[in-house]
Amino acid sequence: MKPQRRDLTLLTLLVVGGLFMWSVGAPPGIAGVPGQGAPRRPAPPAGSSGSAPRAGGGSTRATPLPRVAPLKPHQVLVSQYDLSEFPVVRLFASVLDSRGLPLKDLSPEDFALTENGQAVSGLRFANPEVFKLPLAILFIIDVSGSMEGAIEDEKEAVRAFVRQLQPEDKVALIKFSDAVMVMQDFTNEHEVMLDALDHLYAMGQTRLYDAILQGVNLMLEERKFRKAIIVLSDGLDNKSSETPQSLVSMYHNDVLAKNQSFSVFTLGLGDQVDVPGLTAIADATGGKFFLAPDAGELAEIYQTILNQILNEYVIEYDSAEGRPGAIVEGTLAAKTAGATASADFVFRSPGLGSALARLAWPGLVLMTALFVLLVALTIFKLLRAAWVTVMVAPLEGKDFPIRPQTNLIGRAEDCNIRIRHDPAVLPHHAEIRLGRDGFVLTALDQSNLPLVKDVPQRRAVVRDGENFYIGQTRLVFHERKLARGRSEVDIEELIAAEVEDQAAAHPAEALASTPSSAIVVVGAHSGMTFDLVDNLTLGRKGCDVSLSEDKQVSRMHARFHCSANEVTLEDLGSTNGTVVNGRRLEPHRAEEVHPGDIIEIGATHIKLL
């Protein structure tokens, strides 16, 4: 071999050898870059001896990466369950770490469940293609006067929440201050709800727990949804007849007992909130209480709630309970990273109706005896008839028939005798029922006793023609005792007869079949009077009757139409609507009104004269 060729060969071998040694000792990320040579090898599983063997048979000690400790479960929340395919039971559950953030990567093996004290096997996640429920979210918002500096932050937090929902998800809105109002019933037209949100203004006191009660009742009407209520308040309740304890009891008796469930998330803003009460409500319903020192944190808290809802696990199992109507008590636990957190749940197995039907025959004799007794009592009660007149003006009132059973008096929608125009009246203020000594008036709140004969009384027998006061409203009790020969009583007929008697005594008043004027009885403009003329407009700005101090009134809210024979009222498409005697008017459709009617426009109540 010639010297030049030998030198060239040696040089070539040196270059090739150097390249080979350099590639063997190359740092990670050079020779092994994905897409630029050999594919990336999977990371060795935990507990393996190290890296995979290198090409060429050599091996070096790999530098271990720092290990991140897995997050431990700190809290498990069961917000809802589904029994539509019982014995398959589906639980909606969140697993939160110590920071309150959801743990997202758990598997069915990380959960354990007991039912009536027995361990359950075969836990699995529900197939999202087979079982998928849209959301139904109810926002309950405090608009009392103390929220004035925070309400815009609250609106923006709710807007951001709603805009992340899917088109099939539903939303609703309730506001509360001195009164509770459903601003928007459940709808999947999200922009409609956001428009209602834009018309919230801060004023009045805090009727927090009554608002939660109304929200629970509204949510009970929704089926086939993953449901949650989000409540915000910045102050202590100073107007409600409900308490946290009564709400928790109601949730157990009226929600869980009907095999329904949903979570209530409660938010306290500032340092003047009922932390124990709001926490108790959240804990009892599978929700969570959040405390925000200032309004700037609301957006983050709302996002946390949405993340928790969206990251719920839907865990399925097959119940071993075969008895219809049986109470099932269970515990769901999350076990991972050496820690365990758990939550209890309870439901009644479906089929209670069939179980009760099998018990019907043994009780048939007892039911027959009770029926005979009820007939005898009914005959006695039908010999008496009564009604109450709620006086909305010195000489004008509205009559409500009194039945022998309980008759609730108050502002709530379920009251038999409803007094909407008086803010001093509680939702459930008193009741009247037929007792041994006659019709008995009983107070339902010991701090708000009715006045009977000008004396506060917890319980009193009322007689025909007697006046009594509920809040600031005067009521007149009427009773007619009938001859035993009559088998039926038409209370409305008796009321009509009484009206005829009064009309005969005051013929000039009887001729006034259409209203001619009005007076504001509740609201910032209380005491204002005005005459009714054709095309008279009411609103906050640029109207014949200006209600500028009521922020809940639209600029052009309503219009009166007057003729010789009738007076009608038309809602002009207002945001908060127009209500006549408790019934909301359909926008742009005039309806006849009469003397004595109470019209609600925003927070303003107007009495027609």
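A cavity here is a set of points, on a 1 Å grid over the protein atoms alone, where a 1.4 Å probe fits but cannot get out; lining residues have an atom within 4 Å of a point. Grid points are joined across faces, edges and corners, and a volume is the space filled by probe spheres set on the points.

The model is predicted: local features need pLDDT of at least 70, side-chain atom pairs count only at pLDDT 80 or more, and totals for chains, interfaces and linings use all residues. Residues are numbered from 1 along each chain as its sequence is written, and side-chain values use heavy atoms, with hydrogens and water left out.

Searching the whole structure turns up two cavities of 30 Å³ or more.

**First stop.** Select Ile-212, Val-216, Leu-247, Val-248, Tyr-251, Val-264, Ile-281, Ala-284 and Thr-285, which line the largest cavity. Its volume is about 60 Å³. Now show helix 4 (208–219), helix 5 (244–255) and helix 6 (275–284), the elements that give two or more residues to this lining. Helices (H or I, at least four residues) and strands (E, at least two) are DSSP runs, numbered from the N terminus. Helix 5 gives the most, with three residues. Colour the lining by class: eight residues are nonpolar, one is polar and none is charged. Ala, Val, Leu, Ile, Met, Phe, Trp, Tyr, Cys and Pro count as nonpolar, Asp, Glu, Lys and Arg as charged, and the others, Gly among them, as polar.

**Second stop.** Select Ser-79, Gln-80, Leu-135, Arg-226, Lys-227, Ala-228, Ser-263, Phe-265, Ile-309 and Glu-312, which line the second largest cavity. Strand 1 (75–82), strand 9 (226–233) and strand 10 (263–269) each give two or more residues to that lining, and strand 9 has the largest share, three residues. The space inside is about 50 Å³. Coloured by class, this lining shows four nonpolar, three polar and three charged residues.

Technical notes:
On a 1 Å grid over the protein atoms alone, a cavity is a set of points where a 1.4 Å probe fits but cannot get out, and a pocket is an open set with protein on both sides within 12 Å along at least five of seven lines; lining residues have an atom within 4 Å of a point.
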